[in-house]
Amino acid sequence: MFSVIFLFPLLAFSVTGLPVEVRDSPITLPITSRLAFSNITDLLRHDEARLVTFEEYSMHDRRDDAVNTHPKVPLFNADLGNTFSGYTVKAAIGNPPTVYNLILDSASAITWIGANIPPISGSGEDTEKRVAVNYRYGSFEGIIAEDDIYFTDDIAVRGMEFGLTFTPWRNGADGVLGIGPTLSGLGALLDSPEQTLPTITDRLCQQGIIRRSVVGILFQPITANIVNRGELTFGGTSPTMYSPPIGYTDITTTAPSSRYWGINQKISYGSGTGSRNPIILDYTAGIVDCGTTFLYLAIGVYSECNEMQTGGVVNPANGLLQISLYQYDALRDLNFHIGRYVYKLIPNAQIWPRSLNKRIEGGDDEIYLVVKALTTPTGAGYDFINGYVFLQRFYTVFDSGRHQVGFALNVFTHETPN
């Protein structure tokens, strides 16, 4: 057994220009979240916008077009406030420093500011590089600036290139902290779409502040309108946040999943062991993404999964599969076969938090599944997306140096808060 204790001191930034201490140990930062979506329509629209971008990459790869026609990388959704997790980390930029709340995005390699707090004079030197991202529901355009980004008084990324926009966005975070692989930045630079920028993790490693290009994350499940906490670790993992071992698997070679934190996995259903559990999805490629709320499966796989999960019926008010209490009692584990290990999503982890039903136009005692369908069939290069509902149950490691993703049990794996 293990326990999680969150000790989050108030971060005070007083950038003095003194040399930053070179560390050889991981850097652990607090991340926090409040419920950031207003209704189920906004929440689903947020997910849909991300899925559209993944789909555009898939169609591009099938066409085998030239590199400079890459669709633009998903930096953020048109409304940063309409996310389920909405986990943010504080960072200070400029002199005097301005503190920004940056939302974590594992599908983006680029960090940017200006969505909520307008950038002030001194927020970086203009590099004359232009950056733009288009969405079905909005767009972002700005410049690439260069400045020091401080996470605490003595931890800073020197000369970091980041996006700077002067286009205000309603509510939500002040920008994005991109923790995606470097390749996920292809297409964002308007004048040189074939080029990428170093990520925050890349720069920390290059400057000797951390030894490994690794990000470890713990999310706390969101079950009520309260501040939820977690941890973000650069350069390694936080051993008190998980139960060993961490199982690693290589980034998939299948596009478009290979551009992101893409892996190969198999999904089976049942509480037995070994081959006794029927297979829902055989080994194939998909994406691990903390910016997507639900667990998404290719159309045919989704239908088969629903049939095995005792046959939910789509609720017309919110578009989620609804099941009865009797059907919930009959639910069994969803088993994710990743690398050498199997990660079990228990029945309680497969349903929407009932304390939040009113936010999705549901009744107090109604039960909804968190599995949804992609718009594409199997074989599109991303047959699943393991979203936040999966990641909140497992400690997650993104290792860009070794091109791997790792998972381990955390304190929330077997809890039943929903």
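Mentor: Buried means under 20% relative accessible area, exposed means over 50%, and partly exposed is in between (1.4 Å probe, protein chains only). This is a predicted model: local features need pLDDT of at least 70, side-chain atom pairs count only at pLDDT 80 or more, and totals for chains, interfaces and linings use all residues. Residues are numbered from 1 along each chain as its sequence is written, and side-chain values use heavy atoms, with hydrogens and water left out.

Trainee: What does aspartate 148 count as, at 21% relative accessibility?

Mentor: Buried needs a value under 20%, and exposed needs one over 50%. Aspartate 148 has 21%, so it counts as partly exposed.

Trainee: Which residue forms a salt bridge with aspartate 148?

Mentor: A salt bridge needs a side-chain nitrogen of Lys or Arg within 4 Å of a carboxyl oxygen of Asp or Glu. Aspartate 148 lies in strand E6 (residues 139-152), and its partner is ten residues away in strand E7. Strands (E, at least two residues) and helices (H or I, at least four) are DSSP runs numbered from the N terminus. The closest N and O atoms are 2.6 Å apart, and the partner is arginine 158.

Trainee: How many residues of strand E7 are buried?

Mentor: Strand E7 covers residues 155-164 and is mostly covered. One buried member is glutamate 161, at 17%.

Trainee: Which side chain makes a polar contact with glutamate 231?

Mentor: Glutamate 231 is in strand E10 (residues 228-234). Glutamate 231 is buried yet has no salt bridge, as the nearest side chain of opposite charge, arginine 229, is 10 Å away. A polar contact is a pair of N or O atoms within 3.5 Å; within protein, one must be able to donate a hydrogen and the other to accept it, and residues adjacent in sequence count only if both atoms are side-chain atoms. At 3.1 Å, the partner side chain is serine 238.

Trainee: Which residue in E7 stands opposite isoleucine 113?

Mentor: Two strands pair if DSSP finds at least two bridges between them. Strand E4 (residues 112-113) and E7 run parallel, joined by two bridges. Opposite isoleucine 113 stands leucine 164.

Key: Lys and Arg count as positive and Asp and Glu as negative; His and the chain ends are not counted.
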